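Please read the following note with the sequence and the model open beside it. The points are numbered so that each can be checked in turn.

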2 protein chains.
Amino acid sequence: MNKLLIVGTVAFDAIETPFGKTDKILGGAATYIGLSASFFNLQSAIVSVVGDDFPQEHLDLLTSKNIDISGIEIVKGGKTFFWSGLYHNDLNSRDTLITELNVLADFQPKVPQNYKDADVVMLGNLHPLVQSSVLDQMEKKPKLVVLDTMNFWMDCALPELLDVIKRVDVITINDEEARQLSGEYSLVKAANKIQEMGPKYVVIKKGEHGALLFHNREVFFAPALPLEDVFDPTGAGDTFAGGFSGFITQSENISFNNMKNAIIYGSNLASFCVEKFGTERMQTVSKAEVAIRLQQFKSLTQFDIEI
Amino acid sequence: MNKLLIVGTVAFDAIETPFGKTDKILGGAATYIGLSASFFNLQSAIVSVVGDDFPQEHLDLLTSKNIDISGIEIVKGGKTFFWSGLYHNDLNSRDTLITELNVLADFQPKVPQNYKDADVVMLGNLHPLVQSSVLDQMEKKPKLVVLDTMNFWMDCALPELLDVIKRVDVITINDEEARQLSGEYSLVKAANKIQEMGPKYVVIKKGEHGALLFHNREVFFAPALPLEDVFDPTGAGDTFAGGFSGFITQSENISFNNMKNAIIYGSNLASFCVEKFGTERMQTVSKAEVAIRLQQFKSLTQFDIEI
């Protein structure tokens, strides 16, 4: 089986949406990426850090999904990264109420020895120096490196971000971030400029409006599945990235055509993530459910005009 | 050839975008619908009203596209409807600067005798009583009636709007308007509620984010083509409606599967409309150009995952 190395936060989230609120529940980019990627036939490991306030049951959950957690450092006496957010009525915008970095502030990632030859590396949203440090530790060039990031690092650590962007094959980024990073309003122009920064593939995430994949002058679009109810968007982007990188890892095929399939799987898995609070839905989603939804994705966009 | 009856404004527009501004140029919903539908193999007529300030060359343009203009009333001494708008930098929002109803204020539509048996009726955005009056004049039940409307009528003439909505087969409406009309934020729920109001088919236009077609519990999505430059969005929604209704008229097939093709053609033609100011691009678009873009639409969304 191919190996997927995942770097990112493992955290506590407290979420409030128009439909309810949670106490501190399991969250973090690497958690969502790992749960999503575990859907595929692969070996995976998470590199992250938590405090000793982090419940064993959360770690056990990851282990139960065949995720290697030996790269999750547990800091004695440390407190786990905590984020709290409040979603507005349209669920498209949110306010961050609390961000406590805690053990994340001094995080020095350590890649497990048996993942220094991982086939695919998924760099979840973190400080770009942490992302770079993971790449520095690889002993074999991965077949594919995927990077997710956000506007915060563009504001606070742009030179470091540009350095790590140079080193990756695929970047996933949302539409506003693509505009900020490139200085272009048109997403086509933005994707072209970002390709010049290094990544040969640019994935622009548009939330409920789907995702675009750019490569050279080609473009592919994966819709989001129209849902009756979106309950909690937290983690949808990370679940998308986990589906994308997980499918690529399983299939060992990094062609543009196969990346189309990868972003369809990413959208597919993300459509489950938003159906319940936090990681709840991703803990139970089955292969049969994903297969049914794949048919829905096909019928959503497939047409056959005779010219 | 099948007949398409188009009702809507024929007007002057003055447009300002970040890329430039125009004097009073040819505009109006029926103009865009007519030009777009003229791409197909059909007979069409416009029912509208202008003042005698309306240049003969604009009428000649419509005639040159084989559009029957005998239903465009020319009011002696009257002034043509005039709209002026200013687009913001993102082109997704605009301010209306001037709206002069002029001859439109007392418009009594008169359907030409030889279009009272039209196969398809496209009711462009106008007062719902005008739209109803056109349906009252039909002597044969059309195979399909398509209605476009906007939030203005929901605010000012809701009972009349609901009356005409009851009588149509397809409604085209943008996402915010669908939410306003239904009281539902989820577009899936909104489309279900709007279907209960009468139309068996609900098309929700999302501008640069594409369009959704709902029928019973089925849904189809047509993306917008990602463009390097959008020059002027004026008329894109009407061009979409013209492509949709024009294709249906030509093909004589009102199945859900064929409506998928129709909204792809609508998106296709709309992608040309926005490339130049006003109707300029729609006056020259060729069958070869549309065919090339149809291939782009296919490669944009077609994928082939083996399950």
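At what angle do helix H3 (residues 128–137) of chain A and helix H5 (residues 158–165) of chain A pack, and how far apart are their axes?

1. Helices H3 and H5 of chain A pack at an angle of about 30°, and their axes are 8 Å apart. Helices (H or I, at least four residues) and strands (E, at least two) are DSSP runs, numbered from the N terminus. Axes are lines fitted to C-alpha atoms, for helices over the stretch in contact, and angles run from 0 to 180 degrees between N-to-C directions. H3(A) and H5(A) are therefore roughly parallel to each other; angles under 35 degrees count as roughly parallel, over 145 as roughly antiparallel, 65 to 115 as roughly perpendicular and the rest as oblique. Their crossing is left-handed (the near helix is turned anticlockwise from the far one by less than a right angle; clockwise would be right-handed).

2. The model is predicted: local features need pLDDT of at least 70 and side-chain atom pairs count only at pLDDT 80 or more, whereas totals for chains, interfaces and linings use all residues. Residues are numbered from 1 along each chain as its sequence is written, while chains are lettered from A and ligands numbered from 1 in the order in which they are written. Chain A has a mean pLDDT of 96, with 99% of its residues at 70 or more; pLDDT is the predictor's confidence in each residue, from 0 to 100. The scores of the model are ipTM 0.91 and pTM 0.94.

3. On the H3(A) side, A:Pro128, A:Leu129, A:Gln131 and A:Ser132 meet A:Glu160, A:Leu161, A:Asp163 and A:Val164 of H5(A). Two residues are in contact if their C-beta atoms, placed from the backbone, lie within 7 Å. By class, this contact has four nonpolar, two polar and two charged residues (Ala, Val, Leu, Ile, Met, Phe, Trp, Tyr, Cys and Pro count as nonpolar, Asp, Glu, Lys and Arg as charged, and the others, Gly among them, as polar).

4. In chain A, the axes of helix H8 (residues 236–251) and helix H9 (residues 256–273) come within 7 Å and cross at roughly 140°. That angle makes H8(A) oblique to H9(A), and the crossing is right-handed. The contact includes A:Phe240, A:Phe244 and A:Phe247 of H8(A), and A:Tyr265, A:Leu269 and A:Cys273 of H9(A). Its residues comprise 12 nonpolar, nine polar and no charged.

5. A:Gly235 lies in the loop between S15 and H8 of chain A. Is A:Gly235 buried or exposed? A:Gly235 counts as buried because it has 28 C-beta neighbours inside 10 Å; a residue is buried with 20 or more other C-beta atoms within 10 Å of its own, exposed with 12 or fewer, and partly exposed in between. Leaving aside residues up to four places away in sequence, A:Gly235 touches A:Gly27, A:Tyr32, A:Cys273 and A:Thr279.

6. Helix H1 (residues 29–37) of chain A has nine of its nine residues buried, so it is largely enclosed by the rest of the structure. Among these buried residues are A:Tyr32, A:Ile33 and A:Leu35.

7. The contact between the chains takes 27 residues from chain A and 28 residues from chain B. On the chain A side, the elements giving two or more residues are helix H7 (187–196), strand S15 (218–222), H9 and helix H10 (287–301). H10(A) gives the largest share, four residues. The chain A side divides into 17 nonpolar, five polar and five charged residues.
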